[in-house]
Amino acid sequence: MLKQLNLKKLSYIIIFLSLIFGLYILSFVVINFSDYSGDQINDAYRIMATWDGKWPTLGSGPTAWSGLVGEFYLPPLYYYLVFPFTALTADLSAQAMPNALLTFLSIPLLILTSYKLLENVEHNQRLFLSALAGFWYICLFENIVMSTGHSIAGNPVSITFFLLCFVLLYTYQMEGKLSPNLELLSWMAYGLVLAILSNLHFSSLYVMPVVFIITVIFYISRNYREKRRWLLSGVAAFTAILAMTPYWIGEIGRNWVNTARIIAIVTKSSGGKEYSLSILSRFKAIFNGYFGLGQEVYFFGESSKSLIISIIFLGLVLVLGSLKFRGNRILLNVLFLIWSIFLLAYSSTDMEKTYNPTFYKLLIYLAPIVFTVCSLAYINFPKRVNQVLSGFIIACITLSIVINLNLHHNYINSRSGIPRVLSTHDIADSLRKLPEKSTLCQPNGNPRNLRNDEYIDRFVTKRDLKFVPNCQPGFYIIHAKYESLGNFKLKKDEKFPSELAKYQNTAQLVAETPLYYVYLLSGS
């Protein structure tokens, strides 16, 4: 009894720590927002244009595969999720706010999902494993750097939250325990969540409508003579279509060109020669789709040790979690359906010829956590074998958490105090050091980076500066004193950019702070 009571208390402590750490790290990312890319700047401009009455009808894009059928874009619902937060600030961190909030809400949602999944398990053990799932999830460093530009700002980030909503909604509906009114609202929410997921990334755009159709067919087939099942399924489909109204309005004016290109790429990926991959190539892609999460997320690193432990651990929990499972079969089957269709779609693309970051895998991102808690909950070998397997799994979880928390430590140290990498607030401060209507150039000639500064000046500092990619006498440069390495540790930069060495002896130092230099270039 005492052990059970202690386990219950420990579970609540872990849940509390999960929420406290999640609140801290996600707030830190927003307050010290520093990492962003050209893709996010494009999104920021489109979102801010809404204040001028230009309501978006297209979302992010074009995709990496656009060259096969012409450029095509996501639908725009993500922009409508972000837009209200721009009322709080025009800073680029506005894009990080909704993702931070939804990532935080994913903690209790994952705990609830895990608890519902682990049926037929003693209550305190069930509670502890669910709490462990939530804590492990928020410790994953990729939660705050998974999007383009190593940033939480980006449309794919919130997939995890809405995916958990999707799975839970369908599970409750299949259990048939909801009141009629709540059931109707649940199906409406199911359609709305489908629409949002389909707007967040190309992977979910291809996968989730297929999952939706299969789940609806299965729901109706359980009693196809019951009109209520047809009606509720129709309500979900209608809600999804209705939620996409801004996109349909835009497509009518575009002669449905974006929709036609999305259909074309799906058709080509099904039977086109560009996707005629060998069975071996498809198997390798499926293998990497799941096992690649080890080095990319759970045991962050490129070393052979990271590779070995990733394969052994992820393989072990996959086998144990699948074969020994005795919990909520409806919930697990929906997850398996999503993961299977995702891996099938993932394997249809030649990953050697396209961009393949971690956020492409967000639909399967939580699979190792799910398999792990199922393994610990249901292994029923002889006592000695159980102890060995449980000990190994717990050791791997601990290692994963330690590795990820170390990266969090590097990240926090490099973005707080002095020295640190420049945040968007620091960049705004540096732009205020320049005379109004002066010209700022980029030392490495990269106009994509200049768009970041241009956005900040247009919507935050408002000094009417001009931004050009090529430097010449009379132009200003802002040179950061520190930069972030691949492991997010801080590195001191040179006093003057090497790309502009010919100006080094003649440039005038206009301003200096502990974080950056401001130079006026001179030719003599």
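Biologist: Which helix gives the most to the lining of the second largest cavity?

Modeller: This is a predicted model. In it, helix α2 (residues 38-48) gives the most to that lining, with three residues. The lining as a whole includes Ala44, Ile47, Met48, Thr86, Asp91 and Tyr455.

Biologist: What volume does the second largest cavity have, and how do its lining residues divide by class?

Modeller: The second largest cavity holds about 50 Å³ of space. Its lining divides into seven nonpolar residues, three polar and one charged.

Biologist: How many cavities does a search of the whole structure find?

Modeller: The search finds three cavities of 30 Å³ or more. The largest cavity has a volume of about 80 Å³.

Biologist: Which helix gives the most to the lining of the largest cavity?

Modeller: Helix α7 does, with three residues. Both α7 (159-175) and α15 (329-346) supply at least two residues each. Among the lining residues are Thr113, Leu163, Val167, Trp339 and Tyr365. By class, the lining has 10 nonpolar residues, one polar and no charged ones.

Biologist: Let us change topic. How many salt bridges does the structure hold?

Modeller: There are 11 salt bridges. In one of them, the side chains of Glu175 and Lys116 meet at 3.0 Å, N to O. Glu175 lies in helix α7 and Lys116 in helix α4 (residues 96-117), so the pair ties together parts that are 59 residues apart in sequence.

Biologist: Is Lys116 buried or exposed?

Modeller: Lys116 counts as buried, because its relative accessibility is 13% and buried means under 20%. Glu175, with a relative accessible area of 22%, is partly exposed.

Biologist: What about Arg254, which residue does its side chain meet in a salt bridge?

Modeller: Arg254 meets Glu251, at 2.8 Å from N to O. Glu251 is buried, with a relative accessible area of 0%, whereas Arg254 is partly exposed at 22%.

Biologist: And Asp426, what is its partner?

Modeller: Asp426 forms a salt bridge with Arg420, the closest N and O atoms being 2.8 Å apart. Both residues are buried. Elsewhere, salt bridges that share partners join Glu183, Glu226, Arg228 and Arg229 into one network.

Biologist: Finally, the surface. Which residues make the nonpolar patch of about 460 Å²?

Modeller: That patch is made by Leu10, Ile13, Phe16, Leu17 and Ile20. Ile13 is placed in helix α1 (residues 2-31). At 47% relative accessibility, Ile13 counts as partly exposed.

Definitions and conventions
Residues numbered from 1 in each chain as written. Predicted model: local features only at pLDDT ≥ 70, side-chain atom pairs only at ≥ 80, totals over all residues. Heavy atoms only, no water. Patch = residues over 30% accessible without salt bridge, like charges linked within 9 Å, V, L, I, M, F, W, Y side chains within 5 Å. Areas by Shrake-Rupley, 256 points an atom, 1.4 Å probe, with all protein chains shown as cover. Salt bridge = Lys/Arg side-chain N within 4 Å of Asp/Glu carboxyl O. Helix = DSSP H or I, 4+ residues; strand = E, 2+ residues; numbered from the N terminus. Buried < 20%, exposed > 50% of the residue type's maximum accessible area, 1.4 Å probe, protein only. 1 Å grid on protein atoms, 1.4 Å probe; cavity = no way out; pocket = protein on both sides within 12 Å on 5 of 7 lines; lining within 4 Å. Points joined across faces, edges and corners; volume = space filled by probe spheres on them. Nonpolar A, V, L, I, M, F, W, Y, C, P; charged D, E, K, R; others polar.
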